[in-house]
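Please read them with the coordinates open.

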Amino acid sequence: MDAVLIPAYEPDEQLILLAQRLKQEQFAVVVVDDGSGEGYRDVFEKVSQYATVVTHPENRGKGGALKTGMAYIGENLPQCDHFITCDADGQHRVEDVLRVQELLHKGEKFVLTVRNFQKDMPLRSKIGNSLSRFVYALLANRYLSDNQSGLRGFHRDQIAWLEKVEKDNYDYEMNMLYYAAKKNIRIATLSIEAIY
């Protein structure tokens with residue numbers, strides 16, 4: 001069995017549907033409620049029918065939620081050899097989660113999805129991604145056509161270094177890639193369709 005880790009801050013009904021579909025695919029689903037508050041209790045109660053929900057009393061940022069989820073998987077799910085991180089907003093298709101899982105089962109230890117950007121990509125996202133690619137290539141001396149996708153897969157033996165990566169906000173995911181480049185950790189890439 002593999003796990004899917006979903007950091008969630010103030011999610012909508014999309015998270016319930018995602019957790020349900022992932023459970024149907026036999027994943028152990030771990031959702032980290034990153035301090036969403038009382039107004040979202042109903043959503044997380046419904047999600048808990050399909051997933052283990054771990055709650056932060058206060059918002060700690062996406063990186064903090066990912067680290068909490070990794071620690072939970074490392075300590076409580078010894079039967080899970082792999083885990084896949086996925087966003088809570090419906091941006092990632094379950095079919096693509098399964099494709100990441102397939103690469104992990106073929107022996108990859110770190111899978112990064114790269115999105116095929118369409119013409120309808122929001123201008124803000126287009127600018128942000130271009131800038132992010134440039135900065136990453138400059139700092140890491142490694143080019144990735146997309147370094148911001150939250151759909152990523154890992155072998156459980158990667159948790160030790162992932163927990164050491166600094167920062168707890170959105171910059172955690174970029175720092176993860178920078179750390180991997182500096183430590184010569186192989187990153188396998190998988191092309192997926194961008195959903196907005």
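The points below cover a strand pairing and the aromatic pairs.

1. A caveat comes before the rest. This is a predicted model.

2. Start with strand E7, residues 188-193. Its side chains alternate between two faces. Ala188, Leu190 and Ile192 point to one face and are buried.

3. Strand E7 has a partner in strand E5, residues 110-116. The two pair in the parallel sense, over six bridges.

4. Now the rings. There are four aromatic pairs. One of them joins Phe83 and Phe154: the ring centres are 5.2 Å apart and the planes lie at 25 degrees, so the pair is stacked. Phe83 sits in strand E4 (residues 82-85) and Phe154 in strand E6 (residues 152-155), so this pair links parts of the chain 71 residues apart. Phe83 is buried, at 0% relative accessibility. Phe154 is buried too, with a relative accessible area of 0%.

5. Trp161 and Tyr179 also stack, because their planes are at 0 degrees and their ring centres 5.2 Å apart. Trp161 lies in helix H6 (residues 159-162) and Tyr179 in helix H7 (residues 171-182), 18 residues apart. Tyr179 counts as partly exposed, at 22%.

6. Finally, view the rings together. Ring pairs link Phe83, Phe110, Phe154, Trp161 and Tyr179 into a cluster.

Methods: Residues numbered from 1 in each chain as written. Predicted model: local features only at pLDDT ≥ 70, side-chain atom pairs only at ≥ 80, totals over all residues. Heavy atoms only, no water. Buried < 20%, exposed > 50% of the residue type's maximum accessible area, 1.4 Å probe, protein only. Helix = DSSP H or I, 4+ residues; strand = E, 2+ residues; numbered from the N terminus. Pairing = 2+ DSSP bridges. Phe/Tyr/Trp six-rings, centres within 6.5 Å; stacked < 30°, edge-to-face > 60°.
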